[in-house]
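Here is a short report on a protein model. It covers cavities, strand pairing and aromatic contacts.

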Amino acid sequence: MRLLQGGVKTCPDNIRAFQMVGMSGRSELVRRLSGHTVKNWIGSTYCVAAAPAIAHSTSGGISMTDTLTTADTLPLAVAAASTPTSLWNDSADPDELARSIAFGAVGATCNPVIALAVISQNLDVWAPRIAELAVEFPTAGEAELGWKVVEELSIQAAVLLEPAFRESNGRNGRLSIQTDPRLHRDADALVEQAVRFSALAENIIVKIPATAVGIRAIEEATYRGVSINATVSFTVAQAVAVAEAIERGLDRRAAEGLPDWEFGSVVTIMGGRLDDWLKASVAKDRILIDPGYLEWAGVAALKEAHRIFTERGYRSRILSAAFRNHLQWSELVGGDLVVSPPFDWQLRINENRIPVDLHRIDVPVAQHIVDTLLERVPEFRRAYLVDGMSIDEFDDFGATRRTLRQFLEADAKLDALVRDILLPVI
């Protein structure tokens, strides 16, 4: 097996090497690359060196020079190797994902904001490709061309996760692609796009919002064979509603004798975005409490949802996303769930050597913090209690409105980016 090292722009041998060794051999590959600086590229766009996760890099403003031989002792790697808690990278950027894999990552998530950032930061690659797509699809509008780029980015990143996908029989190794937020009011359109995205690669998992419309779409898409990652989800009530919808979809498949396989579906709680909303809510309502308590709100909801999922035996896992503090990783270690921090948060956790408690998921958030939040913050009650909201109330939750708006704004910015490439002002 030949490993290409150094500044390499076309290196298909490295992809093959990375896929051949499997997850158990990646640490050895990390050690063999010790001391080398690697620029990652895949396919015609990027090609990943075997496992350059901890090599010196300045990509995206991140700089890190950790010694490669410490890979196995870094907090993320220890937790990934020693517990059922799965690490996913919160970006489909192939460069970041390749490095995250050597920390133990076995999946990746993405959303319109992240996809826009990846494309914007790599315009030397994507601007020419957008121009090519415009020629290939002469009647396609800006939105269609933008989403074709998102699809290509997702397909490329999915290649890196194929070894984990095969070794876990489909439970991990998933690359998330999000349905177009402009379809959030149309369940049928969400389902049709989810089915199409699911066919892009065998390890694709499709994000559908946990809104009233989205819950209906999640059940139908599951029935039609789509692996689900619920998004725009912040509360225990949403997580349970999504899990129940997935169960109904799977049960319908079983009743009709449709093929059964490991769907690997996950149910996201965006803990940091819940914290953001609660902070805005208490400020608006002029409620004064210990500000540190609000840093625990998302963690409390995640722990409670995980407890319920475990108790009820749902065939999906909780996923922690939208990081605002390291507790959204460290407090969940040991649970059969997924944590998906952005790559910069992974660097911070490792650089600060955050202690790893292999059973931390079993330690509840301090009861006086939960009690205070339940008593003083009405929006936390809605988020934490399993019956805190009905499905019809999901759309009016503040974090839902805020996040959908942000995703829609990212869509509009991607349209504008495509427009500037096709119709430059100068």
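The sections below take these topics in turn.

## Basis

This is a predicted model: local features need pLDDT of at least 70, side-chain atom pairs count only at pLDDT 80 or more, and totals for chains, interfaces and linings use all residues. Residues are numbered from 1 along each chain as its sequence is written, and side-chain values use heavy atoms, with hydrogens and water left out.

## Barrel

Eight strands close into a barrel, in the order E3-E4-E5-E6-E7-E8-E9-E10, with parallel pairing. Strands are DSSP runs of E with at least two residues, helices are runs of H or I with at least four, and both are numbered from the N terminus. Two strands pair if DSSP finds at least two bridges between them.

E5 and strand E6 (residues 204-209) pair in the parallel sense over four bridges. Leu 175 stands opposite Ile 204 in E6.

## Cavities

The model holds three cavities of 30 Å³ or more. A cavity is a set of points on a 1 Å grid over the protein atoms alone where a 1.4 Å probe fits but cannot get out; lining residues have an atom within 4 Å of a point. Points are joined across faces, edges and corners, and a volume is the space filled by probe spheres set on them.

The largest cavity has about 60 Å³ of space. Its lining includes Cys 110, Trp 147, Ser 176 and Gln 178. Helix H5 (112-121), helix H7 (142-160) and strand E5 (174-178) each give two or more residues to this lining. By class, the lining has six nonpolar, four polar and no charged residues. The second largest cavity has a volume of about 50 Å³. Gln 178, Asp 180, His 184 and Leu 404 are among its lining residues.

## Aromatic pairs

The whole structure has six aromatic pairs. Rings of Phe, Tyr and Trp (its six-membered ring) pair if their centres lie within 6.5 Å; planes under 30 degrees apart count as stacked, over 60 as edge-to-face and the rest as tilted. Trp 147 and Phe 197 are stacked, at 6.1 Å centre to centre and 15 degrees between the planes. Trp 147 lies in helix H7 and Phe 197 in helix H9 (residues 187-198), so the pair ties together parts that are 50 residues apart in sequence. Both Trp 147 and Phe 197 are buried (under 20% relative accessible area, with a 1.4 Å probe and protein chains only).

Phe 380 and Tyr 384 have ring centres 5.2 Å apart and planes at 20 degrees, so this pair is stacked too. Both lie in helix H17 (residues 378-384), four residues apart.

Notes:
On a 1 Å grid over the protein atoms alone, a cavity is a set of points where a 1.4 Å probe fits but cannot get out, and a pocket is an open set with protein on both sides within 12 Å along at least five of seven lines; lining residues have an atom within 4 Å of a point. Ala, Val, Leu, Ile, Met, Phe, Trp, Tyr, Cys and Pro count as nonpolar, Asp, Glu, Lys and Arg as charged, and the others, Gly among them, as polar. Buried means under 20% relative accessible area, exposed over 50%, partly exposed in between (1.4 Å probe, protein chains only).
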